[in-house]
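Hi,

Here is the structure I said I would pass on.

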Amino acid sequence: MELGLSLSVVLFVLGLVGVLVRRNLIMMLMSLEVMLNATGLAFIVAGSRWGQADGQIMFLLILTLAAAEVGVGLGLALQIFHRFHTLDADSMNEMKG
Amino acid sequence: MNVVELLGWVPLIPFLGFLVLVLFRRQLSKPLVSWVGVGSVGLSGLLAALIGTEFLKGTMQPYHLALGDWIAIDNLIVPFGMYLDALSLTMLFIVTGVGFLIHIYSAGFMDSDLGYTRFFAYMNLFVAAMLVLVLADNLVLLYLGWEGVGLGSYLLIGFWYEDPNNGYAARKAFVMTRIGDTAMVLGLFLLFTQLHTFDIQFLMFRVTSQWTPGTLLPVAAAALLLGGAVGKSAQLPLQSWLPDAMAGPTPVSALIHAATMVTAGVYLIARTHALFMMAPSVQFAVAVLGAITLLMASCSAIVQTDIKRILAYSTISQIGYMFLALGVGAWSSAIFHLLTHAFFKALLFLAAGAVIFCFHHEHNIFKMGGLRKAMPLAFWSFMIGSASLSALPFTSGFYSKHDILLATFEVSPVLWAAGCLGALLTAIYSFRLVFVVFFGKNCPVVEKSLGWQMSLPLILLSVLALFGGMLTIPLDSVFPVLFGNAHTFNLVSFITVTAPFIGLLLAVLFYLTGTFSAQGLANSQGLKRIHRFFVSGWGMDALYDTLVLHPFKVLTELNKNDAVDCLYTSIAFISRKGHLMISASQTGQIRWYASSMVLGTVVVIAIGWLS
């Protein structure tokens with residue numbers, strides 16, 4: 001039980017660090033997937049602990065969400081690459097106050 | 001029906017004249033304008049004369065006329081009330097009589113002026129306000145007239161408004177008299193809160209019955225009223241507006257700044273003499289102020305070169321004599337001098353106006369000279385006026401000034417000596433003016449001639465200035481008599497009579513025969529600065545510049561960025577700075593946004609956890 005939750009926390013932090021330190025958009029999307037799956041894991045573990053199906057239902061929801069997110073995210077990444085010929089997040093900083 | 005009941009029409013007719021001239025100024029033809037302008041004052045004068053004869057024939061009981069209420073709030077009731085006694089009748093005669101003559105004169109003097117209608121409208125307004133002032137039976141109505149003449153004076157000084165200097169002079173007169181008026185209003189408030197009435201007769205009765213002489217209340221009330229009188233009558237320390245007021249047309253100077261309005265202060269003190277007698281210290285201050293003012297003004301008059309400024313300073317000086325008389329309790333003599341002064345000063349101003357008129361608006365007396373042959377009427381008017389002004393025997397000024405000086409001697413020999421010195425100086429400056437303007441070698445040719453409108457008033461006023469001393473005004477019914485009229489021959493009256501002759505002799509030696517040179521005297525080392533000092537009117541303007549104007553300017557400089565506005569500008573400043581700070585955090589870096597979101601979440605969770 002504790003191991004499962006610990007794994008999910010480690011995965012979540014790894015994904016978060018990946019989002020913050022990676023500059024490539026594809027890598028950032030992948031890190032986001034890691035974070036989503038970490039939360040999914042936490043729900044599964046919690047569901048099995050309480051013996052209820054809610055956790056698995058929640059995981060299905062997250063899975064759908066992740067699929068949609070990846071679909072939109074990759075589409076955006078494709079458009080950005082078409083326009084700027086790069087996937088470096090730091091170089092796309094024209095919208096500033 | 002008794003003609004006295006028509007008293008209300010006396011101020012009303014000039015006011016109607018003013019309204020007609022203002023409302024129909026485009027429709028009226030020029031002759032009609034003069035008929036309305038001069039005629040309204042003439043009609044009012046005729047009515048005043050009828051009322052006066054009726055009054056003098058009767059028992060001379062004061063007549064009281066109520067025309068309705070002006071203000072009625074709770075126990076504050078201010079009626080349009082007229083009060084006629086010997087004092088207001090005398091003033092009535094001066095205002096309508098001298099005013100009428102000056103109006104006739106103006107019809108000739110202003111003939112070629114573009115603002116003909118405007119001029120007569122203002123003049124009628126002024127006369128109406130002055131009549132309200134002298135006839136009012138309560139202090140509030142008196143104050144209405146008081147401010148009305150102030151307004152008329154302002155409008156007429158700045159009559160030729162194209163020149164900014166005239167507008168400046170008008171504003172100066174208005175603002176400086178306003179200082180006195182403020183004191184006067186405070187005096188009115190004090191009297192009303194203490195005695196609960198504005199009616200002058202009730203007020204004087206309550207003053208004498210409810211207050212004790214010399215205590216704080218009568219002294220404060222009298223001092224505040226004196227403030228108003230000092231402002232209006234151009235006495236120390238508020239006298240410096242009058243010489244500048246000469247910027248107006250000459251008939252205006254004659255009517256307002258010599259004959260009538262500036263004597264309003266004298267009238268006010270005489271009207272409320274019971275109050276001043278309850279405050280002996282203030283009454284003595286009146287005398288001292290008068291004596292100092294008359295000396296200062298005569299010193300300044302001796303060194304002026306502008307013909308109208310000489311006469312302006314001499315007016316200040318003569319009103320100083322009236323204040324001196326009021327201060328020593330010679331009430332009737334003060335009013336008598338007011339009367340004779342109105343005659344001879346109006347005469348002098350009108351004659352000066354005739355000279356200026358024929359000299360293409362030249363004011364400098366040293367650019368004139370030798371006018372005796374060219375303008376005999378102006379010359380003789382000036383001679384009579386100057387003789388009367390310097391109180392040479394058997395002219396009208398002699399009788400009044402002699403009375404004043406003898407009465408002064410009984411109270412204070414020092415003030416008497418000042419008065420005699422003033423009389424000597426008066427003779428010097430008035431005959432200096434005559435000798436410089438009318439005698440001398442060069443004989444200029446005068447193209448313009450005076451019409452009958454200008455000649456007639458000069459002749460009539462000359463007669464009045466010569467024989468006005470014979471008039472006896474029954475003022476004993478109004479004032480307490482303090483001095484006997486016995487004219488015994490002694491050293492005091494001898495000196496009083498001879499003082500003007502010494503002045504005349506000096507004027508002859510300096511300016512007629514040229515035995516001494518005034519120019520040389522003025523240029524000598526020590527006297528040069530005194531000369532400059534006198535020319536500037538004893539530096540009063542410079543004094544006010546440093547005392548009032550300069551500190552005021554410094555304050556305004558300090559307050560240039562409004563102190564009150566600081567609050568609002570700081571609000572704007574803070575929000576602009578905050579906006580800059582927040583917009584600086586919008587870097588466009590997506591990773592920066594993500595980091596801040598994480599940070600925010602961590603903080604929120606930490607708060608939730610710790611609390």
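In chain B, a cluster held by ring pairs takes in B:Phe379, B:Trp380, B:Phe382, B:Phe431, B:Phe435, B:Phe438 and B:Phe439. For ring pairs I took Phe, Tyr and Trp (its six-membered ring) with centres within 6.5 Å, calling planes under 30 degrees apart stacked, over 60 edge-to-face and the rest tilted. Over all chains that rule gives 20 aromatic pairs. One of them is B:Trp70 with B:Phe80, which is stacked at 5.6 Å centre to centre and 25 degrees between the planes. B:Trp70 sits in strand E1 (residues 63–73) of chain B and B:Phe80 in strand E2 (residues 76–84) of chain B, so this pair ties together parts 10 residues apart in sequence. Helices (H or I, at least four residues) and strands (E, at least two) are DSSP runs, numbered from the N terminus. B:Trp70 is partly exposed at 35% relative accessible area, and B:Phe80 is partly exposed too, at 30%. The cut-offs there are under 20% for buried, over 50% for exposed and partly exposed in between (1.4 Å probe, protein chains only).

Before you read on: this is a predicted model, where local features need pLDDT of at least 70 and side-chain atom pairs count only at pLDDT 80 or more, while totals for chains, interfaces and linings use all residues. Residues are numbered from 1 along each chain as its sequence is written, chains are lettered from A and ligands numbered from 1 in the order in which they are written, and side-chain values use heavy atoms, with hydrogens and water left out.

Now the chain B and chain A interface. Here 11 residues of chain B are in contact (heavy atoms within 4.5 Å) with 14 residues of chain A. The buried area is about 930 Å², with 54% of it from carbon and sulfur atoms; that is the accessible area (1.4 Å probe) that the two parts lose on being put together, summed over both.

How many salt bridges cross this interface? The rule finds 1, between the side chains of B:Arg591 and A:Asp90 at 2.7 Å, N to O. A salt bridge here is a side-chain nitrogen of Lys or Arg within 4 Å of a carboxyl oxygen of Asp or Glu. On chain B, helix H26 (residues 590–610) gives the most to the side that touches chain A, with 6 residues.

Over all chains the salt bridge count is 10. Within chain B, B:Asp244 pairs with B:Lys172, their closest N and O atoms 2.6 Å apart. That one links distant parts of the chain, from helix H9 (residues 241–244) to helix H6 (residues 164–195), 72 residues apart, and both partners are buried. Another joins B:Asp181 and B:Arg178 at 2.4 Å, N to O. Those two are 3 residues apart in helix H6 of chain B, about one helical turn. B:Asp181 is buried at 0% relative accessibility, whereas B:Arg178 is partly exposed at 24%.

Last, B:Ser455, which lies in helix H20 (residues 452–467) of chain B. B:Ser455 is buried at 16% relative accessible area and touches B:Leu377 and B:Leu450, leaving aside residues up to four places away in sequence. B:Gly108 is 347 residues from B:Ser455 in sequence, but 9.3 Å away in space, C-alpha to C-alpha.

Cheers
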